[in-house]
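I opened the model to look up a few places in turn. My notes follow in the order I made them.

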Amino acid sequence: MKTRHYGCNGVWTMMEHLRRRAAGTRLLSRLTYPIFLLIVTFIALFSTAASYMMIRVQNDHSLKMAEQSLQFVYRNIRYQFDTMDNLAAFVLNNPALDSLLKPSVREAYEAINDYYTLQLNLENMSLLSLLNDFGSAQSVKQSYVVSMALEPESGLYALAPEAFYPVTGIFKSEGLDTRDWYSRLKQGDSSTVWWGEKTNVLSGTMIYSARKKGNLSGGRSIGTVIIGADTGSIKGVFENAPLEEGYHLLLDEGGRVIYSEQYGFLEDLSAMPYMELLKGKAGTALVKLNREQHRMMYETMENGWRLLAVVPERHLSRYTYFIAALGAATAVAASFIAAYLLRKIVVRVTVPITKLVHAMQRPEVVDFKEPLPCHHTGIYEVDELNQQFAGMLVTIHRLIERSFTEEIERKQLQLELLQAQINPHFLYNTLDLINCRAILAGDRETSRIVLSLADVFRYGLNQGQTWISLEDEIKQAEAYLHIQSMMLEQLAVVTDVPRELTGARIVHLILQPLAENAVKHGFAFRREECLIHIAARTEGQALILRVTDNGRGCDPGELNRLLRQPPKEPGQRQDGGERGYGILNVHRRIQLYCGEGYGLRYLAAERGTVVEAVLPYDAERSVLTGGCHV
């Protein structure tokens with residue numbers, strides 16, 4: 001048996017190899033686990049959402065089918081009830097039938113013809129088919145029962161039979177007072193009374209409606225019109241709209257069953273607990289029947305009867321567990337497939353990257369002593385990364401060397417810029433020399449021009465400061481306008497600034513460009529009666545400087561639009577020409593130092609131009625000096 005011995009270098013090499021393998025494993029796990037968790041989360045969310053949507057669609061479909069069955073039955077029963085109402089209305093409002101029922105002084109036997117004529121009309125009307133389209137294939141067509149219970153005021157009362165019998169015919173109203181439906185009709189709570197009754201007519205279970213018949217000319221009650229129909233006539237409607245599970249209920253106003261696949265005729269359900277839940281004309285309620293949850297949908301007929309569809313809740317959600325199990329199984333299978341594919345993809349990518357990292361960590365490469373080794377991995381992105389990193393190392397080495405040179409050059413430029421901003425003493429000395437020569441020569445006019453020019457330079461340079469007092473800003477503008485007045489002999493300048501505003505600090509070089517615009521553009525074609533008015537006021541926390549001239553004027557809307565334009569790139573031509581460039585320069589300097597809420601604005605004027613500069617005003621920081629009012 002041979003034993004392998006490692007020296008110190010061999011042990012260090014082995015430990016370094018293990019460390020690198022561990023680093024590669026960490027990269028693999030750090031990529032695999034989060035991505036796999038993200039994929040599983042996505043699959044779970046997608047599966048849950050898909051299952052939920054399928055369950056909702058299936059449940060909504062089952063509920064929709066039950067609702068459609070209810071609506072189908074409701075529309076057709078309402079149609080049949082309307083037919084019964086229309087038949088009753090025909091009897092009530094038919095003048096020919098009304099003339100047969102009028103009281104007469106003749107003997108009773110003389111009205112026999114009228115009696116049989118009325119009887120024949122009632123029998124003809126009863127032959128109308130109640131169901132022409134919805135009859136069951138197992139049942140024959142049914143007919144109406146049309147009868148009249150006459151009052152003593154009717155002319156045919158004496159010929160009518162004594163006892164009322166619910167078949168087509170004419171009867172006396174005597175003996176109906178004991179009937180519940182007749183009592184409700186006489187009380188006048190409703191013009192039409194509906195009820196169900198067991199008889200030996202037709203199939204034995206009947207639906208009736210009764211309405212009072214009045215004399216069309218006199219309005220007196222002369223009888224009651226009774227329309228009846230066999231409940232078998234509506235059976236075909238329910239058979240054409242069956243429920244897969246559950247049953248229908250047609251209940252009268254007292255909660256008694258008129259028709260149902262579950263209960264018998266006239267079975268009293270008024271004591272059932274779910275009757276209290278039937279509120280309103282239509283709706284849905286959840287009730288517990290026989291220890292099972294049911295969904296009850298109901299509609300109210302115009303006669304007060306209720307039509308119900310009762311469906312077990314388990315029927316509506318019968319596919320819920322199947323869809324949920326299918327979604328869970330699909331999610332598990334997709335997770336296993338995703339894990340297998342992810343493992344292969346991550347290993348394919350991470351191993352070449354780990355090798356590249358090890359190569360980049362070599363001390364010789366980091367110290368720029370040798371180039372990065374080139375490994376061909378077969379993956380375009382990793383090979384490109386290797387090449388680009390190698391090139392980046394060379395570029396970084398060059399940039400480090402160049403950065404020192406560029407920093408030195410940048411400092412040199414800053415020094416030259418500072419030197420260029422030193423106060424121009426040579427210019428002031430030259431102006432002083434010209435002034436002295438003008439005084440010695442006796443040229444006072446030239447001396448005043450030179451002094452004004454010196455003031456313009458002095459206030460314009462402002463010792464390199466951005467902010468200036470309003471008083472000094474006005475002095476600079478006045479010095480400039482004094483020079484211009486030498487060329488425009490009739491130029492008048494009016495300055496109206498309150499004393500308390502002269503110490504306000506503002507961005508300098510605002511009034512002079514505005515005054516220059518007024519001279520160059522407002523008075524370009526005018527030399528007589530030229531007026532420039534400079535004023536200042538406050539509005540809340542704002543200082544308003546107004547410059548007004550009586551020149552040729554401008555378009556305020558166009559200039560305001562120009563002020564709202566975004567700044568052009570360096571080298572691009574600005575709209576508005578030289579005038580636009582000047583006002584834009586002032587407007588943007590104000591916004592740069594004061595904010596977007598400040599700047600220039602042009603106002604409409606009947607004559608000339610009115611421009612205002614809006615600046616921030618802080619009364620506490622203002623230095624009170626002299627006032628200006630010229």
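Predicted model: local features only at pLDDT ≥ 70, side-chain atom pairs only at ≥ 80, totals over all residues.

I take helices (H or I, at least four residues) and strands (E, at least two) as DSSP runs, numbered from the N terminus. Residues are numbered from 1 along each chain as its sequence is written, and side-chain values use heavy atoms, with hydrogens and water left out.

**Glutamine 512.** I found glutamine 512 in helix α13. Is glutamine 512 buried or exposed? I noted a relative accessible area of 11%, which makes glutamine 512 buried (under 20% is buried, over 50% exposed, partly exposed in between; 1.4 Å probe, protein chains only). I then listed its contacts, meaning heavy atoms within 4.5 Å. Not counting residues up to four places away in sequence, glutamine 512 touches Glu473, Gln476, Ala477 and Tyr480.

**Cavities.** I used a 1 Å grid over the protein atoms alone; a cavity is a set of points where a 1.4 Å probe fits but cannot get out, and lining residues have an atom within 4 Å of a point. Points are joined across faces, edges and corners, and a volume is the space filled by probe spheres set on them. I got two cavities of 30 Å³ or more. The largest cavity has a volume of about 90 Å³. It is lined by 11 residues, and Leu514, Asn517, Ala518, Asp549 and Thr609 are the closest to its centre.

Which elements supply at least two residues each to this lining? I noted α13 (511-522), β15 (542-549), α15 (577-594) and β17 (609-616). The largest share, four residues, comes from α13. By type, I have six nonpolar, three polar and two charged residues in the lining (Ala, Val, Leu, Ile, Met, Phe, Trp, Tyr, Cys and Pro count as nonpolar, Asp, Glu, Lys and Arg as charged, the others, Gly among them, as polar).

**Threonine 320.** I placed threonine 320 in helix α7 (residues 320-360). Threonine 320 is buried, at a relative accessible area of 19%. Leaving aside neighbours within four places in sequence, I found threonine 320 in contact with Ile55 and Asn59. Isoleucine 55 is 265 residues from threonine 320 in sequence, yet 5.6 Å away in space, C-alpha to C-alpha.

I count two strands as paired if DSSP finds at least two bridges between them. Strands β6 (residues 247-251) and β7 (residues 257-260) run antiparallel and are joined by three bridges. Leucine 250 has tyrosine 259 in β7 as its bridge partner. I logged β6 and β7 as a hairpin with five residues between them, and glycine 255 in the turn has a positive phi of about 85°.

Terms used:
1 Å grid on protein atoms, 1.4 Å probe; cavity = no way out; pocket = protein on both sides within 12 Å on 5 of 7 lines; lining within 4 Å.
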